[in-house]
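Let's take a walk through a protein together, starting from its overall form and working towards some of its details. Keep the picture at hand as you read.

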Amino acid sequence: MAFGWIDEQAAARRRAGLVRTLRPRPADSPLLDLASNDYLGLARHPEVVAGAEAAARTWGGGATGSRLVTGTTELHGELERELADFCGFEAALVFSSGYAANLAAVTALAPHGSLIVSDAGNHASLIDGCRLARGTTQVVAHADPDAVGKALGTHEGPAVAVSDTVFSVDGDAAPLAGLAEACREHGAGLVVDDAHGLGVLGAGGRGAPHAAGLAGADDVVVTVTLSKSLGSQGGAVLGPARVVEHLVNAARTFIFDTGLAPAAAGAALAALRLLGNEPERATRAREVATALHARLTAAGLEAVRPDAAVVSVRAPSPEEAVQWAADCRAAGLLVGCFRPPSVPDGISRLRLTARADLSEEQIERAVRVIGGTRP
Ligand code: PMP
């Protein structure tokens, strides 16, 4: 029977207790949210919502076409200019998602005959970029500039190293300065995904590359998402103008994709301006993460020291992780649950996200619930 093999896979998933289900989030959820990526609490900010509304009124519900046909509005240009300026890069190009931005950056910068050196902990979208690229990928040990340098040393011709700046599972930061040095030694480019760094790390949330002194470098390309700190939807690539021009001409997820919806662009632009005016939001998100980690550790839980806003708590097994997250939910707390096959290292964990708008009382309540429901 066509698709019969799907039933076998589904049965195996059920046996392993690893079935994923979609649960609609109520608009006025009473749950305390430590699962979303709304790090700065901007997704529902009145100015962000107003930005989306105004953009939809002016430009319509959709972009109406690909960026090279009808899908580029003045708003897209404004967002690209302000994103590039804020993060300290020459140019930016906006995509319909961070996923598409990553596919674009990796595929367009790794031509036939090139080498891509990819961190073992990279996000799925970078991994998929490597799979789609014409270049050859070598996966290297996590957060290890020496391993990157060694891999680059084996290759003649164009090469890029690819890494998350903040790893989405454990929330640890990449050694960006070391990676840049290893790349420079071998004349290679560096592509970093700052999805979890923008809005949280660097001066006023200008991102991890800015914090590492790499902003504006002619051999560094940064991808971001508009869907986490900026509370909207979409992605962008930031870098030298010649790289951006190359992407406009060569990146398939740019050329063949409908432009970012105007409402998403308007919301992201409003959020970016808010962040520019209220840089303390970035500091507060980091403080909340540190406080959360300290209290979890004091409660005897095994939590990874956070480098940004993601706090990862170890669970004994995939099944217990799923049950733990469900028990938290029943007790009024929404947490993320990462377990195989989403985590390549096989370690299951609860994934908590610090938000700039969490109160001390909410942090304490969250830790009480997590400690009280631990397996
Ligand atoms: N990179 C990383 C590190 C991410 O965590 C995510 C989102 N989960 C993405 C890229 C994809 O971004 P988007 O959701 O905008 O497609």
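What percentage of the 375 residues in the chain do buried residues make up? They make up 51%. Please keep in mind that you are looking at a predicted model.

Now for the overall build. The chain contains 14 helices and 11 strands. Its radius of gyration is 21 Å, close to the 21 Å that the globule rule gives for 375 residues, so the chain is as compact as a globular protein of that length. If you draw a box along the principal axes, the C-alpha atoms fill roughly 55 × 55 × 50 Å. Contacts also reach across the sequence: among those with a separation of 6 or more, 73% are between residues 24 or more positions apart.

Next, try to see the parts of the chain. It is divided into domain 1, made of 22–44 + 279–372, and domain 2, which covers 46–277. Taken over C-alpha atoms, their centres are separated by 25 Å. Where they touch, 22 residues of domain 1 are in contact with 24 residues of domain 2. On the domain 1 side, the elements that give two or more residues are helix H12 (280–298) and strand S9 (310–314). Helix H12 gives the most to that side, with four residues. By class, the domain 1 side has 15 nonpolar, two polar and five charged residues.

In soluble globular proteins, nonpolar side chains tend to be buried together. In this model, the largest nonpolar core has 125 residues, and those touching the most other members are Ala-104, Val-106, Ala-161, Ala-236 and Val-237. Helix H11 (residues 262–277) gives the most to this core, with 10 residues. Both domain 1 and domain 2 give residues to the core, so it lies between them.

Let's stop at Ala-104. Beyond its neighbours within four places in sequence, Ala-104 is in contact with Phe-95, Val-237, Leu-247, Ala-251, Thr-253 and Phe-254.

Is Leu-275 buried or exposed? Leu-275 counts as buried because it has 23 C-beta neighbours inside 10 Å, and the cut-off for being buried is 20 or more. Not counting residues up to four places away in sequence, Leu-275 touches Leu-40, Gly-199, Gly-204, Gly-205 and Arg-281. Take Gly-199: it is 76 residues from Leu-275 along the chain, yet their C-alpha atoms are separated by 7.3 Å.

The ligand comes next. It is surrounded by 14 residues, and the closest are Ser-97, Gly-98, Tyr-99, Ala-195 and Thr-225. Helix H4 (residues 98–109) supplies the largest share of this shell, three residues. Sorted by class, the shell has two nonpolar, 10 polar and two charged residues.

Finally, look at some details of the backbone. Pro-340 and Pro-341 are joined by a cis peptide bond, with omega about 10 degrees. Pro-341 sits in the loop between strand S10 (333–338) and strand S11 (349–353). Ala-143 is not a glycine, but has a positive phi of about 50 degrees. You can find Ala-143 in the loop between strand S4 (136–140) and helix H6 (145–153). Phe-3, in the segment before helix H1 (4–16), also has a positive phi, near 65 degrees. With 6 other C-beta atoms within 10 Å, Phe-3 is exposed, whereas Ala-143, with 19, is partly exposed.

Note on methods
Residues are numbered from 1 along each chain as its sequence is written. This is a predicted model: local features need pLDDT of at least 70, side-chain atom pairs count only at pLDDT 80 or more; totals for chains, interfaces and linings use all residues. A residue is near a molecule or strand if its C-beta atom, placed from the backbone, lies within 6 Å of it. Ala, Val, Leu, Ile, Met, Phe, Trp, Tyr, Cys and Pro count as nonpolar, Asp, Glu, Lys and Arg as charged, and the others, Gly among them, as polar. A nonpolar core is a set of buried Ala, Val, Leu, Ile, Met, Phe, Trp, Tyr and Cys residues joined through C-beta atoms within 7 Å. A residue is buried if 20 or more other C-beta atoms lie within 10 Å of its own, exposed if 12 or fewer, and partly exposed in between; C-beta atoms are placed from the backbone. Domain bounds come from an automatic or database domain assignment. Two residues are in contact if their C-beta atoms, placed from the backbone, lie within 7 Å. The radius of gyration is taken over C-alpha atoms; the globule rule is 2.2 Å times the number of residues to the power 0.38.
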